[in-house]
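Visitor: Please walk me through this one, a bit at a time.

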Amino acid sequence: MENIVIEGGTPLKGRVQISGAKNSAVALIPATILAESETVIDNVPNIRDVHMLIKLLKEIGGQVRLQDGELTVDTSRIKAVPLTNGRVKQLRASYYLMGAMLGRFKRATIGLPGGCNLGPRPIDQHIKGFEALGARVRTEKGAIYLEAERLRGARIYLDVVSVGATINIMLAAVKAEGQTIIENAAKEPEIVDVATLLSSMGAKIKGAGTDVIRIEGVKRLYGCRHSIIPDRIETGTFMIAAAASRGQVMVDQVIPKHVEALSSKLREMGVKVIEADEHIIVDATQSTLKAVDIKTLVHPGFPTDLQQPMTTLLTQAEGTSIVTDTIYSSRFKQVDELRRMGANIKVEGRSAIINGPTPLTGAKVTATDLRAGAALVIAGIIASGLTEISGVEHIERGYEQLEAKFKGLGAHIWRQSREGQVPLYRVK
């Protein structure tokens, strides 16, 4: 049991390299179930969610090896084993196992997924898609049972734009008979990443990245090699941290187009943002931060996963900022912790009203979910004194070597044992 401890007040400077996208990895790994031979995925982030999925694949007979960011998966011997308890309930992305197992075996039994508690995140659109393809769906004793004699292509209109439902229906439809059309599909880069993997396996997919995706079913899929796109949320986290600390950071190995909404807001705040082909330089050394209003939207709008880190940054901006999260109603759990550190924030419904600038002071705080943890790490970096963050397991779900990367930018950050408060190490 460990906490993250940060001695704040140092501007971040230097270069940081971004890992593969967490939100892609957790969909790509289940997608390997559809191939009947070995698949190799490069640029896989070394995070808790990835290790959880690897263990789940092994439970159903997959042969899996992860070494130096290269994941090798042989699913030729997997079986449609029910996954109803344990790890499957700890991971929100475990619902991708439904679409993949249904697509390959025409049946699946999966425990209702867990993950960070961000308020209601129903899977009714997933179920709607499965049923349209011909599956019978029932929920019993905390698990979902899917079964189909055959899967047939269908025209499916999503009532709500959903990344999870779009990917899950793609996974189930690539081996269905005939054509499937997904309308009002999500357009996130991770959708395109999954479609690229499936296409390399032999699937026939058109329109990924638009609101209409067309899939022609094929009988078999084969293993391939694929490299995961850079993590746009990790990219945004370091861009925001650089701005908040009044630093100058090159965020490397990124796709600038994927974070255009954030770059625009940072420029609106007075931060210098310079884009190149594969890196972004954020320079706030001479910036006077201005208040802005933000509303999270589906891609290409401002991502909900950056709302919490952005809230920390806005505590340092002059004036009143309003942040509205239209995606998740309960994604302001970082606010109480930021108040402990001196932030002037109040929440009204789906909006947080932030008055700044306010100096932050180190305190003992708790990360209640993944992105709240990132927000608190940034707060600790800009606060005076020591900040001690518990709930580190949430941060480990989605950020690879977060302390090491911040240490490389000059932050004073380390892990500390929660038993007796004995320092274990400072990240080098």
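Guide: Let's start with a term: two strands pair if DSSP finds at least two bridges between them. Strands (E, at least two residues) and helices (H or I, at least four) are DSSP runs, numbered from the N terminus.

Visitor: Before I go on, where does the model come from?

Guide: This is a predicted model, where local features need pLDDT of at least 70 and side-chain atom pairs count only at pLDDT 80 or more, while totals for chains, interfaces and linings use all residues. Residues are numbered from 1 along each chain as its sequence is written, and side-chain values use heavy atoms, with hydrogens and water left out.

Visitor: Got it. What's the strand order in that sheet?

Guide: The order is β2-β14-β16-β15, an open sheet of four strands with mixed pairing. At the edges sit β2 (13-17) and β15 (272-275), each pairing on one side only.

Visitor: Switching to V64: buried or exposed?

Guide: Buried, because its relative accessible area is 13% (under 20% is buried, over 50% exposed, partly exposed in between; 1.4 Å probe, protein chains only). V64 lies in strand β4 (residues 63-67).

Visitor: And what does V64 touch?

Guide: Leaving out residues up to four places away in sequence, V64 touches I54, L57, K58, L71, T72 and V73, where contact means heavy atoms within 4.5 Å. I54 is ten residues from V64 along the chain, and their C-alpha atoms are separated by 6.7 Å.

Visitor: Now helices. At what angle do α3 and α5 pack?

Guide: About 15°, with the axes of α3 (residues 96-105) and α5 (residues 163-173) 7 Å apart. Axes are lines fitted to C-alpha atoms, for helices over the stretch in contact, and angles run from 0 to 180 degrees between N-to-C directions. α3 and α5 are therefore roughly parallel (under 35 degrees; over 145 is roughly antiparallel, 65 to 115 roughly perpendicular, the rest oblique).

Visitor: Which residues meet there?

Guide: From α3, Y96, M98, G99, A100, L102 and G103; from α5, V163, G164, I167, N168, L171 and A172.

Visitor: What about α7 and α11?

Guide: α7 (residues 232-244) packs on α11 (residues 370-382) at about 25°, axes 9 Å apart, so α7 and α11 are roughly parallel to each other. In α7 the contact uses I233, T237, I240, A241 and A244, and in α11 it uses R371, A374, I378 and I382.
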